[in-house]
Amino acid sequence: MAKYVYPAIFSPSDDGGFTVSFPDVSGCYTEGDTLAEAMEQAKDALCLILYDLEEREESIPVPTSINDVVTENGDIVSLVACDTLEYRKFFDKKAVKKTLTIPNWLNTMAERADINFSAALQEALIEKLHIN
């Protein structure tokens, strides 16, 4: 889970829109009716592919320098950034049940303080993992 930046090629279409490809990310293509829409779609497509690679524990491709990207006449090269952690937070909200063990004295004190165990565990994990 990380933030990534890759060069993308925005190729003008005959209908006025743009097709988008990522030279370094196999199978990552999208399109948009306008350049702004194509940029948003590019971010979504890139994040989806990289998220999937992370989930399958496959290696993440190394991005090519934007200056080394080969284009055809009329193409636009731009960097596209995505954050797979933000993607996870937005799309993977399914709750999972965990069984845990804590000392009885701590359980008693937490119950007396009316602490929500699920919320406390989530807060602690977010802090421990340095997630903003």
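Helices (H or I, at least four residues) and strands (E, at least two) are DSSP runs, numbered from the N terminus, and two strands pair if DSSP finds at least two bridges between them. On that basis E1 and E2 form a hairpin with five residues between them. This is a predicted model, in which local features need pLDDT of at least 70 and side-chain atom pairs count only at pLDDT 80 or more, while totals for chains, interfaces and linings use all residues. Residues are numbered from 1 along each chain as its sequence is written, and side-chain values use heavy atoms, with hydrogens and water left out.

- Strand E1 (residues 3–12) runs antiparallel to E2, and four bridges join them.
- In the turn of the E1–E2 hairpin, Gly16 has a positive phi of about 100°.
- E2 is also joined by four bridges to strand E3 (residues 29–32), again in an antiparallel arrangement.
- Phe18 in E2 stands opposite Pro12, and its bridge partner in E3 is Gly32.
- In a regular strand the side chains alternate between the two faces of the sheet.

**Largest pocket**

- The largest pocket holds about 1100 Å³ of space. A pocket is found on a 1 Å grid over the protein atoms alone, as an open set of points where a 1.4 Å probe fits, with protein on both sides within 12 Å along at least five of seven lines; lining residues have an atom within 4 Å of a point. Grid points are joined across faces, edges and corners, and a volume is the space filled by probe spheres set on the points.
- Its lining comprises 25 residues, and those nearest the centre are Val96, Ser118, Leu121, Gln122 and Leu125.
- Helix H2 (84–91) and helix H4 (117–128) each supply at least two lining residues, and H4 gives the most, with eight residues.
- By class, this lining has 14 nonpolar, four polar and seven charged residues. The nonpolar class is Ala, Val, Leu, Ile, Met, Phe, Trp, Tyr, Cys and Pro, the charged class is Asp, Glu, Lys and Arg, and the others, Gly among them, count as polar.

**Second largest pocket**

- The second largest pocket has a volume of about 210 Å³.
- Its lining consists of Lys43, Asp44, Cys47, Leu48, Cys82, Asp83, Glu86, Tyr87, Phe90 and Phe91. Helix H1 (35–55), strand E4 (76–83) and H2 are the elements that give two or more residues to this lining.
- Six nonpolar and four charged residues make up the lining of the second largest pocket, with no polar ones.

- Thr84 belongs to helix H2 and counts as buried because its relative accessibility is 0%.
- The side chain of Thr84 reaches the backbone nitrogen of Ala2 at 3.0 Å.
- Glu54 belongs to helix H1, and the side chains of Glu54 and Tyr4 are joined by a polar contact of 2.6 Å. A polar contact is a pair of N or O atoms within 3.5 Å; within protein, one must be able to donate a hydrogen and the other to accept it, and residues adjacent in sequence count only if both atoms are side-chain atoms.

**Salt bridges**

- The model has five salt bridges, each being a side-chain nitrogen of Lys or Arg within 4 Å of a carboxyl oxygen of Asp or Glu.
- Arg88 forms a salt bridge with Glu54, with the closest N and O atoms 2.8 Å apart. This pair links distant parts of the chain, Arg88 in helix H2 and Glu54 in helix H1, 34 residues apart.
- Arg88 is buried because its relative accessibility is 13%, and Glu54 is likewise buried, at 14%.
- Arg88 also meets Glu55 in a salt bridge (2.4 Å, N to O). Here too the pair links distant parts of the chain, with Glu55 in helix H1 and Arg88 in helix H2, 33 residues apart.
- Glu55 counts as partly exposed because its relative accessibility is 44%.
- Asp52 forms a salt bridge with Arg56, with the closest N and O atoms 2.6 Å apart.
- Asp52 is partly exposed at 34% relative accessible area, as is Arg56 at 46% relative accessibility.
- A network of salt bridges links Asp52, Arg56 and Glu58.

Definitions and conventions
Buried < 20%, exposed > 50% of the residue type's maximum accessible area, 1.4 Å probe, protein only.
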